[in-house]
Amino acid sequence: MAAEATPPCLELKGISFGFHGRPLLEDITLTVGHQEIVSFIGPNGVGKTTLFNIICGLAAPLKGSVIYRGVDITGREPHTICRMGIARTFQIPRPFPQMTVLENVLVGIWFGAEEAGKPDGERQEALRLLDLVGLRHKAEERGRELTLSELRRLEVARALATKPRLLLLDEVAAGLSPQAIREAVELIKSLRDGGLTLLIIDHFLTLTCQVSDRLVALCERKMTAVGKPAEVLNSPEVMRAYLGRGDA
Amino acid sequence: MGEDKAMKRVRTPTRLSVALLSAGFLLFLGWPWLTARGGIHCQAMSMALFHGCLALAWNICSMMGAVSLGHTAFFGLGAYGSALLCHYGHLNPFLTIPLGGILGAFYGVLWHIAFGKLRGAPFALASLASVEIPKVIIDNWESFTFGSLGVVGIPPLSPIRVGSFMLDFGENPVHLYHLFLVGTLFLCLLYRQALRSRWGWAVRTIREDETAAASLGVNVRRTRLQVFICSAFLTGICGGVYAHLMGLVEPALVFSLHISALPLVLSIFGGRFQWYGPLLGAVVLYPLDQVVFRSLFPVGHSALYGFVVILTLMLFPQGMGAWLQKRLHLASS
């Protein structure tokens with residue numbers, strides 16, 4: 001690019017968050033480069049999803065700021081952030097239950113980042129995205145009729161429909177079969193090759209180790225380890241958190 | 001093959017539904033001549049169409065998932081706005097009625113500012129409570145609004161001359177009927193197009209999952225405000241028309257729970273999720289109540305609405321519209 005110093009895709013600067021005076025996250029600072037895949041691991045309730053909510057504007061941090069491509073987006077409304085190019089999936093899927101699967105994806109195309117072209121192209125694009133996640137045969141079914149793993153795939157298709165440059169995946173791999181996980185790994189790699197930056201939450205480490213450039217371990221409100229997957233998984237803090245020796 | 005199936009989704013009207021629609025339209029057009037001209041059946045159907053419009057206006061909010069119990073606030077403000085402008089300003093009712101609608105819309109903006117954050121039951125209760133504010137003000141500002149005595153002597157809708165033909169809505173019930181029919185058709189088409197537009201999709205996503213909608217780029221706050229303004233404006237217009245039909249307005253008449261509840265009943269019966277549902281509910285239920293039940297049970301006929309809501313919610317939770325649509329699909333395929 002022409003610019004000498006392109007700003008990084010995402011910067012988190014000293015993010016703190018809490019509920020009712022009880023701190024949940026403290027001083028989360030992280031820089032994510034373009035086309036990087038960063039995964040967050042950590043025990044239940046440590047605040048991984050909350051961190052995603054803060055990035056997407058669904059929650060406001062108590063302190064700190066979120067910088068996306070050099071622009072401070074802290075506290076902006078979710079739809080603005082989506083249109084700037086950040087999309088996310090929900091851990092507990094949130095389909096539009098009365099709409100068909102195809103319509104669910106069309107909503108993302110219509111309201112997402114870029115103004116789309118002619119109506120026919122939109123439909124083709126939606127079908128292409130459904131193909132990508134293997135849901136094309138379900139295009140005409142209503143959102144409420146899908147199984148949980150289908151809903152997770154719909155979440156991905158819908159998020160991609162908004163034409164993001166940064167995609168946050170919240171537990172997309174939970175409960176998937178080994179075969180499905182292999183497909184998910186391929187999908188994530190191809191998305192990155194297509195220019196996307198990805199943040200992934202994966203509680204069970206099934207997916208993360210295979211695709212992540214870096215792993216971030218969250219434990220007791222703080223980032224305890226950041227680095228290559230193997231390094232992080234072998235760090236004493238993470239061993240303790242995952243194997244529970246710290247409780248004794 | 002999957003593609004064919006998905007592409008078929010572009011709905012083409014079936015022959016059956018086109019035939020039904022045309023037949024319905026002709027029936028409504030000729031209604032005054034099928035019944036005794038200008039008789040009670042014609043007047044009942046006029047009022048049915050009027051309530052159909054009221055229900056359509058209410059249903060815009062409902063499409064977004066906001067079930068309101070306070071639309072009578074917009075109705076009353078529209079009625080009083082138009083009545084007082086006519087009284088003090090001696091303006092043409094066709095000018096004062098939209099101004100009354102704007103007054104209603106203004107109150108809709110206040111709703112959004114005051115309790116736009118509420119959803120579900122708290123929203124419904126807040127909307128119910130909000131009726132008291134304009135009602136109490138109008139009830140007590142006797143020097144301006146004539147208090148609980150109300151405004152009397154409101155002129156009827158002014159006649160319109162078309163060539164040599166005089167459309168006299170105040171005197172001729174058939175002309176009034178056709179005015180309402182045209183107004184209803186116009187509103188219905190507008191409503192249908194709005195729901196099929198992107199804006200309509202935004203409204204529905206908010207009903208189905210607001211958080212997901214926001215995360216997909218739907219401007220939830222702005223869409224909610226627009227919905228309140230449209231719904232309140234149209235309800236205010238209905239209120240204004242009502243004032244000129246009746247010739248008088250009183251706080252107890254135009255700020256009543258009955259006016260809040262009726263559109264809800266008609267929409268739930270006809271189908272809240274179809275664009276034609278509220279109108280269907282109105283043209284079926286309202287004449288049934290006024291013509292059949294009123295003569296059978298002069299005192300307790302309104303209880304019909306209570307039964308209808310309970311029965312509909314139990315037997316056809318999506319309303320008659322959804323049920324009919326399913327039948328039509330089966331019949332045509």
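Reader: How many of the 18 residues of α4(B) are buried?
Author: 14 of them, so α4(B) is largely enclosed by the rest of the structure. Keep in mind that this is a predicted model.

Reader: Where does α4 run in chain B, and what is its reach?
Author: Helix α4 of chain B covers residues 72–89. From first C-alpha to last it reaches 24 Å, close to the 26 Å expected at 1.5 Å a residue.

Reader: And what follows α4(B)?
Author: B:His90 does. The phi of B:His90 is positive, near 50°.

Reader: Switching to the interface. How many residues of chain B are in contact with chain A?
Author: 25 residues of chain B, in contact with 34 of chain A. The area buried between the two chains is about 2800 Å². Carbon and sulfur atoms give 59% of that area.

Reader: How many salt bridges across it?
Author: The rule finds three between chain B and chain A. One salt bridge pairs A:Arg94 with B:Asp209, with the closest N and O atoms 2.7 Å apart.

Reader: Which helices of chain B supply at least two residues to the side that touches chain A?
Author: α1 (2–7), α10 (198–208), α11 (210–215) and α12 (220–246) each do. The largest share, six residues, comes from α10(B).

Reader: Last one: how many residue pairs are in polar contact across the interface?
Author: Seven between chain B and chain A, counting pairs with both residues at pLDDT 80 or more.

Notes. Residues numbered from 1 in each chain as written. Chains lettered and ligands numbered in written order. Predicted model: local features only at pLDDT ≥ 70, side-chain atom pairs only at ≥ 80, totals over all residues. Heavy atoms only, no water. Helix = DSSP H or I, 4+ residues; strand = E, 2+ residues; numbered from the N terminus. Expected span 1.5 Å × (residues − 1). Buried < 20%, exposed > 50% of the residue type's maximum accessible area, 1.4 Å probe, protein only. Contact = heavy atoms within 4.5 Å. Buried area = accessible area lost by both parts, 1.4 Å probe. Salt bridge = Lys/Arg side-chain N within 4 Å of Asp/Glu carboxyl O. Polar contact = N/O pair within 3.5 Å; in protein donor to acceptor, adjacent residues only side chain to side chain.
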